[in-house]
Amino acid sequence: MGSSELSWELADHPRLPKGKTVAVVILDGWGEADPDQFNCIHVADTPAMDSLKKGAPEHWRLLRAHGTAVGLPTDDDMGNSEVGHNALGAGQIYAQGAKLVDLALASGKIYEGEGFKYIKECFNKGTLHLIGLLSDGGVHSRLDQLLLLLKGANQHGARRIRVHILTDGRDVLDGTSIHFVEILENELLKLREKGVDAQIASGGGRMYVTMDRYENDWGVVKRGWDAQVLGEAPFKFQSAIEGIKKLREDPKANDQFLPPFVIVDDNSKPIGPIVDGDAVVTFNFRADRMVMIAKALEYENFNKFDRVRFPKIRYAGMLQYDGELKLPSHYLVSPPEIKRTSGEYLVHNGIKIFACSETVKFGHVTFFWNGNRSGYFDSSMEEYVEIPSDTGISFNVQPEMKALEIAERARDAILSGNFHHVRINLANGDMVGHTGDIKATVIACRAADEAVKIIIDAIEQVKGIYVVTADHGNAEDMVKRDKSGQPLVDKDGNVQILTSHTLHPVPLAIGGPGLAPGVRFRRDLQSAGLANVAATVINLHGFEAPDEYEPTLIEVGGN
Ligand SMILES: O=C(O)[C@H](O)COP(=O)(O)O
Ligand SMILES: [Mn+2]
Ligand SMILES: [Mn+2]
């Protein structure tokens with residue numbers, strides 16, 4: 001039976017009442033780890049989160065937020081916002097992009113699909129351009145996948161290849177970009193030895209070039225466009241290795257924010273602008289930071305910046321990045337078909353939803369939560385509010401970010417009585433954690449905690465229920481460690497700052513005056529993960545969860 005024929009009606013929960021306001025708070029990048037000076041959550045003053053934990057074993061627990069628990073290939077994969085919010089919202093574990101691409105490459109099916117056949121048409125006369133994040137972080141892309149794709153594309157006819165790299169330093173240690181470029185150059189050299197004209201054509205740091213999200217700053221995408229498509233950038237080098245080494249000589253340089261550069265030939269001519277007749281693949285599998293560039297590459301009508309030239313190309317994403325917009329229309333690997341998410345169930349069952357975050361995480365509690373789908377399920381039942389994020393600064397400069405504004409909007413939504421379900425994401429622990437600035441991250445954690453307090457107070461007033469959790473770790477561990485857990489130091493004796501997410505579990509707390517007596521966490525689901533939260537929330541709204549969902553974490557004990 002197709003999913004459209006399945007009923008959306010949820011059965012009444014036998015023991016739990018309807019009509020309670022439920023606030024769901026996602027602390028982005030807030031894991032649970034041993035206390036030490038690199039655990040910014042521990043160092044920060046966090047009375048609200050501490051009080052949820054203390055003395056509440058029935059209402060506080062840990063959840064798995066990484067690896068196979070969220071559909072990633074292995075348990076060595078750290079969690080991330082996409083897979084975390086997908087699992088939280090969908091209540092089911094789907095094999096995610098990273099895994100689907102692995103399978104398609106391993107079986108060779110990637111080359112038999114419509115997307116590859118579409119771009120292949122250009123291989124005879126045109127160049128194949130590959131644009132994406134050069135990293136083994138496994139959050140947006142993976143270097144090993146890029147290398148396999150390069151090889152496979154060549155075996156299937158690509159004779160001229162240009163790679164447009166985005167350096168990471170966010171999902172991996174800062175300074176590792178050189179290492180990844182060396183590996184890539186090595187592979188390109190092997191291709192050149194076989195007579196393939198394969199080279200790196202442009203580059204730039206992911207946070208400054210191309211990989212913006214949720215339309216926070218189109219200038220980022222424009223910088224990428226200028227380098228990748230037009231072949232124009234403030235820096236010109238004859239090789240990417242030389243270029244990155246040069247750019248990193250600036251003591252403030254950082255892989256995440258490297259300026260755009262293009263590779264030029266002996267006559268200072270860029271070697272790889274994108275022109276009519278070329279094929280382009282964006283090789284990131286993760287959606288949020290590819291949607292904007294996909295629009296620029298695909299939309300005939302586009303007014304976000306002056307593209308100067310709109311080449312007639314054949315473009316495919318590694319995946320389709322937005323299922324609702326069908327963007328891009330061509331893709332190499334089908335994305336996970338995330339269906340029957342909790343948001344859709346709730347609106348079908350009369351639950352009015354309010355969701356809010358600031359721009360940099362807005363799509364997390366809407367797009368990702370709803371299974372990589374933009375827009376409302378039912379605009380008469382939902383309101384999504386985006387608080388504009390600061391732009392043009394690194395978030396350690398303003399670590400409070402918009403936590404207070406988000407909390408106040410959520411408080412107002414709770415007190416208005418117009419919504420049954422109020423969902424927010426607080427970006428601080430994650431966005432400031434990614435900067436590697438420990439002092440600022442401590443301030444960030446405190447700001448997020450203050451926001452939690454505002455929401456819990458509002459829930460007290462309306463006799464509602466709160467659910468506080470996180471999507472993955474980040475701020476709880478800011479240093480790279482050896483196997484025994486000791487901080488690693490570099491050759492100058494400095495600790496190696498960890499800007500990435502972690503493998504740690506995240507807390508889950510439930511409470512509030514509306515929580516029915518006897519509700520407690522079950523003891524039989526010790527290894528539960530984020531996907532178990534959706535059934536739990538549906539129960540707290542007074543419904544039984546759908547059968548296809550991962551089991552609820554709560555039970556109702558005797559009075
Ligand atoms: O895109 C990013 O900012 C990082 O790669 C991952 O962070 P997120 O998964 O928390 O968004
Ligand atoms: Mn996150
Ligand atoms: Mn993050």
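Student: Which residue in β8 stands opposite Leu130?
Tutor: Bear in mind that this is a predicted model: local features need pLDDT of at least 70, side-chain atom pairs count only at pLDDT 80 or more, and totals for chains, interfaces and linings use all residues. Residues are numbered from 1 along each chain as its sequence is written, chains are lettered from A and ligands numbered from 1 in the order written, and side-chain values use heavy atoms, leaving out hydrogens and water. Strands β3 (128-134) and β8 (279-282) pair in parallel over four bridges, pairing needing at least two DSSP bridges. Opposite Leu130 you'll find Val281.

Student: Which strands stand at the edges of the sheet?
Tutor: Strands here are DSSP E runs of at least two residues, and helices are H or I runs of at least four, numbered from the N terminus. Eight strands make an open, mixed sheet, ordered β6-β7-β5-β4-β3-β8-β9-β10. Two of them have a single partner strand each, so one side of each lacks a neighbour in the sheet: β6 and β10.

Student: At about what angle does α6 run to β3?
Tutor: Axes are lines fitted to C-alpha atoms (for helices, over the stretch in contact), with angles from 0 to 180 degrees between N-to-C directions. Helix α6 (143-155) lies across β3, β4, β8, β9 and β10. Its angle to β3 is about 170°.

Conventions. Contact means heavy atoms within 4.5 Å.
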